[in-house]
Amino acid sequence: MGRRILVLPGDYIGPEIMAEAVRVLETVNERFTLGLSLEHGLLGGAAIDEHGVPLPDATLQAARDADAILLGAVGGPKWDNVERHLRPERGLLGLRSQLELFGNLRPAILYPQLADASSLKPEVVAGLDILIVRELTGGIYFGEPRGIRTLENGERQGFNTYVYSESEIRRIGHLAFGLARQRDRRVCSVDKSNVLEVTVLWREVMEEVARDYPDVALSHMYVDNAAMQLVRAPKQFDVMVTGNMFGDILSDAAAMLTGSIGMLPSASLDKNGRGMYEPCHGSAPDIAGQGKANPLATILSVAMMLRYTLDEADAAAAIEQAVSDVLDQGLRTPDIAAAGQRAVSTRDMGAAVVAALRG
Ligand code: IPM
Ligand code: MG
């Protein structure tokens, strides 16, 4: 026991949604005697304001020492003009890469209560349950060389490098296939192997990994087609596995199928299953400080943390049930409210989940 959770609220709506997630975490900590202790740290813009850097050494050390990390959201216009290497997002990317959190799990599940909130027809999304497994510490996000240089003719040129080594592809492949075994046993690997050599290798290595999982069906899809299929017939997918940038884009699209990105949690895992948990959405500067943010994605991230890293499936299930209960009660933050429906605040939504947990 005595497990440590590092809480990193971040920027704009980050602290608002985190306050509710922490109340939920404290409630299950008590009710299930989990023996968790919570510690707070600074990341992103909040860290820049205090220490001049987006990922202070103290935060990195606390993250290394923690059993799991709960993150709100980082970034926003306040730091638009800081130097590129000091941007808030760099704090998040630094944490992902320093802790080798290579496996990003982004489930897109449609709560039946929210079928009307999706921008797609209810019959297209009813029962939707997709898991996007995104590689998180490689690919074009981290490839070198990178930068903006000035050519001899005085013109500037921006450049990045899209690179994956076999071992990076193999480990995310194994994670995806292992997870598929707990679901419908289908993996769709998304690449652009008709154009990019790096993803020709990606496809080859996925085929190799698949040999270890004869009970799981592997298919391949080009990323452009995958984007189209996600909005055309999303229920054809079970697990999708893809690289860092494609996963970033496809997971936003998948999120919207469920009505609101405000509902979607995520896990970022290292090879030992230790991880960082965060909502899929960003810091939403436009609605910060108004009590309009949906705390459910962060609350559901707490559930993922309990399930994947802390091995507390009962507490995780209790949170998921409580979220389902408050949706049944008709509570909606503005992002998931139907036209003309009265919306509740961030705080009220969090309080309702806590009340449902207490039964
Ligand atoms: C995400 C975000 C991040 C990413 C940003 C904030 C750096 O969009 O987690 O999807 O691109 O990975
Ligand atoms: Mg993103």
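## Basis of the description

The model is predicted, so local features need pLDDT of at least 70 and side-chain atom pairs count only at pLDDT 80 or more, while totals for chains, interfaces and linings use all residues. Residues are numbered from 1 along each chain as its sequence is written, chains are lettered from A and ligands numbered from 1 in the order in which they are written, and side-chain values use heavy atoms, without hydrogens and water.

## The sheet

Helices (H or I, at least four residues) and strands (E, at least two) are DSSP runs, numbered from the N terminus. Two strands pair if DSSP finds at least two bridges between them. Strands of a sheet pair through backbone hydrogen bonds, either parallel or antiparallel.

An open sheet is formed by ten strands in the order E2-E1-E3-E12-E11-E4-E5-E10-E8-E9, with mixed pairing. Strand E2 (36-40) and strand E9 (217-222) are at the edges with a single partner strand each, so one side of each has no neighbour in the sheet. From one strand to the next, the twist averages 20 degrees. Strand E1 (residues 3-10) and strand E3 (residues 68-73) run parallel and are joined by five bridges; Ile 5 stands opposite Ala 68 in E3.

## Helices across the sheet

Axes are lines fitted to C-alpha atoms, for helices over the stretch in contact (heavy atoms within 4.5 Å). Angles run from 0 to 180 degrees between N-to-C directions. Helix H4 (residues 88-98) lies across E1, E3, E4, E5 and E12, at about 150 degrees to E12. Helix H6 (residues 166-181) lies across E4, E5, E8, E9 and E10, at about 165 degrees to E5.

## A hairpin

Strand E6 (residues 147-150) and strand E7 (residues 156-159) pair in the antiparallel sense over four bridges, and Gly 147 stands opposite Phe 159 in E7. Five residues lie between the two strands of this hairpin, and Gly 154 in the turn has a positive phi of about 90 degrees.

## Thr 309

Thr 309 is found in the loop between helix H10 (296-308) and helix H11 (313-328). Its side chain is joined to that of Tyr 277 by a polar contact of 2.5 Å. A polar contact is a pair of N or O atoms within 3.5 Å; within protein, one must be able to donate a hydrogen and the other to accept it, and residues adjacent in sequence count only if both atoms are side-chain atoms. Not counting residues up to four places away in sequence, Thr 309 touches residues including Asp 67, Ala 68, Arg 274 and Gly 275.
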